[in-house]
Amino acid sequence: MIRTVTSEDLGACARLFVKVFSEWPYEESWSVAQAHHYLGRFWRFDPGHCLVAVENDNVVGAMFGYSYPWQDRINYYMQELFVEPDRRRSGHGRSLVRHLLDTLGESDVSVSLIANEATPAAAFYQELGLRQHRYYKFYCGTVNPDAE
């Protein structure tokens with residue numbers, strides 16, 4: 001079952017997030033408290049577009065992000081999409097995306113996200129039809145406003 005995330009779901013989502021992103025290929029080290037705070041920020045900003053996949057009352061996947069109008073369409077920025085490792089390739093990720101599109105109810109929805117191209121997730125996003133944008137490049141780092 002796919003539904004919107006509730007405040008009661010945030011703990012389970014945070015624990016799953018820590019589990020997923022501590023494993024290969026990410027190998028990140030989040031605490032549950034950090035993950036809860038991080039995911040909670042997106043949920044508080046746009047709760048209607050943060051979704052959870054539930055099986056037998058257990059969270060097996062989730063998607064956190066936010067939507068906003070952009071010119072003549074709706075843009076959804078997918079911040080996080082994660083699924084229980086032993087449930088991957090079982091349709092949960094696709095179901096989360098499908099539910100989001102149904103929820104937005106718009107004919108022209110653009111999805112944006114950042115993904116490491118060396119991960120299986122990038123292949124999943126390409127299967128969904130997402131491609132690298134032709135005009136925009138991702139920049140990151142520590143800002144030094146005094147640099148010349």
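Start with the secondary structure: colour the chain by it and you will find 4 helices and 5 strands. Helices here are DSSP runs of H or I with at least four residues, strands are runs of E with at least two, and both are numbered from the N terminus. Followed along the sequence, the elements come in the pattern β-α-α-β-β-β-α-β-α. The chain has a radius of gyration of 16 Å, close to the 15 Å that the globule rule gives for 148 residues, so it is as compact as a globular protein of that length. That radius is taken over C-alpha atoms, and the rule is 2.2 Å times the number of residues to the power 0.38.

The model is predicted: local features need pLDDT of at least 70, side-chain atom pairs count only at pLDDT 80 or more, and totals for chains, interfaces and linings use all residues. Residues are numbered from 1 along each chain as its sequence is written, and side-chain values use heavy atoms, with hydrogens and water left out.

Next, show the whole chain. Its C-alpha atoms fill a box of roughly 55 × 40 × 30 Å along the principal axes. Of its 148 residues, 36% count as buried, meaning under 20% relative accessible area, where exposed is over 50% and partly exposed lies in between (1.4 Å probe, protein chains only). Now turn to contacts, which are heavy atoms within 4.5 Å. Among those between residues at least 6 apart in sequence, 59% join residues at least 24 apart.

Select Asn75, in strand β4 (residues 73-83). Is Asn75 buried or exposed? Its relative accessibility is 5%, so Asn75 counts as buried. Display its side chain and look for two polar contacts: one of 2.6 Å to the side chain of Tyr68, and one of 3.3 Å to the side chain of Ser112. A polar contact is a pair of N or O atoms within 3.5 Å; within protein, one must be able to donate a hydrogen and the other to accept it, and residues adjacent in sequence count only if both atoms are side-chain atoms. Leaving out residues up to four places away in sequence, Asn75 touches Tyr66, Ser67, Tyr68, Trp70, Ser110, Val111 and Ser112.

Then select His92, in helix α3 (residues 92-104). With 13% relative accessibility, His92 counts as buried. Which residues does His92 contact, leaving aside neighbours within four places in sequence? Show Ala53, Glu55, Val60, Val83 and Arg87 to see them.
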